[in-house]
Amino acid sequence: MLQNRLYYAQPNCKDFTANILKQTKDEEDKTYIILNQTAFYPTGGGQPHDTGTINGVKVTDVVEVDNEIRHYMATPLESTGEVHCVIDWERRFDHMQQHAGQHILSAAFVELLNLETVSFHLGKSLVSIDLDASDISNEQLQAVENLANNIILENRPIDVKWVTENELSAYPLRKEIQATGEIRLVIIPDFDYNGCGGTHPESTGQVNGLKILSVEKHRGQTRVHFVCGRRILQQLHDKTAVVKEASRLLSAPEEEIGQAIEKLLANNHTLEKSIKEKDELLLQCEAQELIQAQQDSVIAVNFENCSIQQLQKLARLIAAESNDLTVLLAAENDDKLQFVAAKGSLVDASMKTISTAILPKINGKGGGSDAFVQGGGELTMSAENLIEMMKATLKS
Ligand SMILES: [Zn+2]
């Protein structure tokens, strides 16, 4: 059973000695080492590789290629012969917790909801499985989480058995196994029977708890994010900090954050409404002022930073109020030049002649009716010059 793979033979092996069989480079010129035996787990089955050191030099990646386990090194190793190897146990044990937790969670979804796990992802901070389901209720998730934590609390053994294809029929497997030859079964008695090449603790108690964090739809399936073991504490730590900060910013106790945000949003809504009303009023005043100050039949004004919506409103207010007036408005907004031209009902000229003449000069787009046109383009001239050009067009 692959005796030279210590991560199988001695799953708790944290350091070991081995002999270097070869040190060489791959096609990308990266140095790797092959040992006569190793406890470094190579990436596989959804579980990331181990890290650690060989004679004090960092192992950056571990990959299995053609039945050989390559230990990629940060720098080439000076030594030959026997070497001392150390596994980054915190990382490995974390992977063992998450991986065994995944077995338990997947089995709990089958047991309670008959839902198959289609894929598994073990990331740096989050772990997820994809389930063949379009919808799972919160109650169902809670029940599955409870079952998983009961299995963990019962501290059942996690056994490993090497079997042949012919022996598989003796086990109630969670998923069909395609492999041939020697097959590794990971067994939680009376709960989960599964073909797996990863590393796991020796009993479920070492998973030390499982928490489902969130669920999202993903390509017609459901992705369940969860964490096990120490990652639960990390999550609690991070989330506590967020809640604390929110509580401080809102000057509300933690349990009243929801209400405080609702209040803030309602307040914000009222303010927005009030500002809108005041803006409207301001535009009406401005329209009145322009009408009263006008000396001929054309009102022409240029602005800085006045939105096209405000220009439109102002022009419409004036044209509606004084049916013998023409209104030409333009504004410089950041790197854009925008304009509006409108006329009262008694004015003959078509505003379209203005947009047709102006738009090419500012590489712009726009249009409208005989009574009202608008447009915008590049800041090829000032708003003041644009207004002059509009006036001249109107006169001709
Ligand atoms: Zn596994």
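Guide: Two residues are in contact if their C-beta atoms, placed from the backbone, lie within 7 Å. Keep in mind that this is a predicted model.

Visitor: Among contacts between residues at least 6 apart in sequence, what share joins residues at least 24 apart?

Guide: In this protein that share is 56%.

Visitor: How does the radius of gyration of the protein stand against that of a compact globule?

Guide: The protein has 36 Å, whereas a compact globule of 396 residues would be near 21 Å. Along the principal axes, the C-alpha atoms fill a box of roughly 100 × 50 × 45 Å. Buried residues account for 28% of the 396 residues.

Visitor: How many helices and strands are there?

Guide: The protein contains eight helices and 18 strands.

Visitor: How is a pair of packed helices described?

Guide: Two packed helices are described by the angle between their axes and by the distance between those axes. Take helix α5 (residues 257–293) and helix α6 (residues 308–321): their axes come within 9 Å and cross at roughly 50°. Angles of 65 to 115 degrees count as roughly perpendicular and those under 35 as roughly parallel, so α5 and α6 are oblique to each other. Their crossing is right-handed. On the α5 side the contact is made by Leu283, Gln284, Glu286, Ala287, Leu290 and Ile291; α6 contributes Gln310, Lys313, Leu314, Leu317, Ile318 and Glu321.

Visitor: Now the sheet: in what order do the five strands lie?

Guide: The order is β14-β15-β16-β18-β17, in an open sheet with mixed pairing. From one strand to the next, the twist averages 10°.

Visitor: Which way do β17 and β18 run, and how many bridges join them?

Guide: β17 and β18 (residues 372–378) run antiparallel and are joined by four bridges. Opposite Gly375 in β18 stands Gly366.

Visitor: Which residues does Gly367 contact, leaving aside its neighbours within four places in sequence?

Guide: Gly367 is in contact with Ser355, Val373 and Gly375. As for Lys391, 24 residues from Gly367 in sequence, the C-alpha to C-alpha distance between the two is 17 Å.

Methods: Residues numbered from 1 in each chain as written. Predicted model: local features only at pLDDT ≥ 70, side-chain atom pairs only at ≥ 80, totals over all residues. Helix = DSSP H or I, 4+ residues; strand = E, 2+ residues; numbered from the N terminus. Rg over C-alpha atoms; globule rule 2.2 N^0.38 Å. Buried ≥ 20, exposed ≤ 12 C-beta atoms within 10 Å, placed from the backbone. Pairing = 2+ DSSP bridges. Axes fitted to C-alpha atoms, helices over the stretch in contact; angles between N-to-C directions. Parallel < 35°, antiparallel > 145°, perpendicular 65-115°, else oblique. Left-handed = near helix turned anticlockwise from the far one by under 90°.
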